[in-house]
Amino acid sequence: MVQFRKLDMDGRKKEKIVYQNQMLHYGLYVPRPEAYFFGDIPWHWHDEFEFGHILGGSMQYKTNHHEFILHEGDGIFVNSGVLHYLHPLEPVEEVRLQSQFFDRSFLAGASGSILEIKYIVPVLEQKQLDAVPLYCSDTGSAEFLEKMREGAELSSKGEPFFELRLRNLFSKLWEMVYSWAMDEKKSGTGFNALEDERIKQMLSYIQEHYSEKITVQDIASSIHISERECYRLFQTSLGETPVEFMISLRLQKAQELLRYTDKSVLEVAVETGFGTSSYFGKIFKQYHHITPKQYKKLNFDRKEHPEKET
């Protein structure tokens with residue numbers, strides 16, 4: 001039941017979660033062991049709920065409302081539909097993230113069931129509950145993290161009845177998630193649904209056209225707002241400019257091509273919108289402190305000689 005994580009987006013910049021079994025809407029994702037390092041995952045969202053667990057190194061998790069630094073042993077809950085961004089902290093080669101994804105049907109069964117209406121929908125409706133960090137040093141969180149670990153172990157082994165045991169385990173965890181949502185409801189924190197939808201629409205436009213020569217005006221025009229309003233929405237929601245987001249997306253796409261294909265650096269540069277290999281190399285090294293050629297070679301060496309992994 002284990003699947004290596006390779007970020008896959010649909011046309012709306014929404015991550016597509018591929019379940020190992022389409023009759024069980026749960027997926028356990030772990031990083032590919034041959035990868036040289038865990039790179040940034042640009043802003044994205046998915047309909048599934050996520051339980052993330054840091055198995056090694058440290059990571060920065062950002063939503064468009066909060067920011068968390070998580071270290072080895074820590075974890076996080078990410079609500080459905082929440083925009084989030086992941087950035088590995090030094091040393092990046094030690095970063096290992098394990099994620100468990102599941103949708104509402106995994107816990108509630110049929111759509112419109114009393115379980116969905118009474119326990120799942122109230123969490124979905126609390127949009128201000130974007131993510132909850134789980135620190136292993138905290139007693140309450142440690143118990144939650146242990147159950148997450150048990151869930152991953154059940155999925156990995158795939159023994160008889162593991163599906164029932166996994167659902168039972170996650171139902172217990174959901175009681176805590178539900179309590180977080182009710183606490184947020186009492187706090188009355190506001191959420192701007194219009195701005196959230198607008199920024200998602202612009203991310204979708206960039207996702208569809210990142211390989212082309214697009215401008216900030218093009219991005220703004222895609223949802224009929226001014227360039228100035230476009231900059232404001234990006235800074236308010238994501239804390240970066242449209243150009244910075246586009247570069248991070250192009251780099252993420254470039255890493256995948258360098259890692260999983262035999263395409264040359266020039267081909268990757270053109271396909272990801274950088275245009276020339278020299279400009280691509282400059283930006284790649286600026287962000288990752290390594291050239292595209294070095295990155296490609298290191299990943300190739302690790303695939304050819306896995307015994308060098310520690």
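Trainee: Which residues do ring pairs link into a cluster?

Mentor: A word on the source comes before the reply. This is a predicted model, in which local features need pLDDT of at least 70, side-chain atom pairs count only at pLDDT 80 or more, and totals for chains, interfaces and linings use all residues. Residues are numbered from 1 along each chain as its sequence is written, and side-chain values use heavy atoms, with hydrogens and water left out. In general, a pair of aromatic rings is described by the distance of the centres and the angle of the planes. Here, rings of Phe, Tyr and Trp (its six-membered ring) pair if their centres lie within 6.5 Å; planes under 30 degrees apart count as stacked, over 60 as edge-to-face and the rest as tilted. The cluster joined by ring pairs consists of Tyr26, Phe49, Phe51, Phe77, Phe102, Phe106, Phe144, Phe170, Trp174 and Trp180.

Trainee: How many aromatic pairs does a search of the whole structure find?

Mentor: The search finds 24 aromatic pairs. One of them joins Phe234 and Phe245, with 6.4 Å centre to centre and 50° between the planes, and is tilted. Phe234 belongs to helix H7 (residues 227-238) and Phe245 to helix H8 (residues 242-260), so this pair ties together parts that are 11 residues apart in sequence. Helices (H or I, at least four residues) and strands (E, at least two) are DSSP runs, numbered from the N terminus.

Trainee: Are Phe234 and Phe245 buried or exposed?

Mentor: Buried means under 20% relative accessible area, exposed over 50%, and partly exposed in between (1.4 Å probe, protein chains only). Phe234 has a relative accessible area of 0% and is therefore buried; Phe245, also with 0%, is buried.

Trainee: Which residues touch the most other members in the largest nonpolar core?

Mentor: In soluble globular proteins, nonpolar side chains tend to be buried together. A nonpolar core is a set of buried Ala, Val, Leu, Ile, Met, Phe, Trp, Tyr and Cys residues joined through side-chain atoms within 4.5 Å. The largest one has 29 residues, and Phe51, Phe77, Phe102, Phe170 and Trp174 touch the most other members. Among the elements that give two or more residues to this core are strand S2 (26-30), strand S4 (49-56), helix H3 (139-157) and helix H4 (162-187). H4 gives the most, with nine residues. Apart from this core lies another, of 23 residues, including Tyr85, Ile199, Ile206 and Phe245.

Trainee: How many salt bridges does the search find?

Mentor: Side chains of opposite charge can pair when their charged atoms come close. A salt bridge is a side-chain nitrogen of Lys or Arg within 4 Å of a carboxyl oxygen of Asp or Glu. The search of the whole structure finds 10 salt bridges. In one of them, the side chains of Arg149 and Glu146 meet at 2.6 Å, N to O. Both residues lie in helix H3, three residues apart, about one turn of the helix. Arg149 is partly exposed at 36% relative accessibility, and Glu146 is partly exposed at 33%.

Trainee: Which residues are linked with Glu146 and Arg149 in a network of salt bridges?

Mentor: Glu153 and Lys157 are linked with them in that network. Elsewhere, Arg232 and Glu229 form a salt bridge of 2.9 Å, N to O. Arg232 and Glu229 both lie in helix H7, three residues apart, about one turn of the helix. A further salt bridge, of 2.5 Å, N to O, joins Glu271 and Lys263. Glu271 has a relative accessible area of 33% and is partly exposed, while Lys263 is partly exposed with 29%.

Trainee: How many disulfides does the search find?

Mentor: A disulfide is a pair of cysteine sulfur atoms within 2.5 Å. The search of the whole structure finds zero disulfides. As for individual cysteines, Cys136 is partly exposed, with a relative accessible area of 40%, whereas Cys230 is buried, with 0%.

Trainee: Finally, where does Gly75 lie, and how far apart in space are Gly75 and Gln98?

Mentor: Gly75 lies in strand S7 (residues 75-78) and is buried, with a relative accessible area of 0%. Gly75 and Gln98 are 23 residues apart in sequence and 9.2 Å apart in space, C-alpha to C-alpha.
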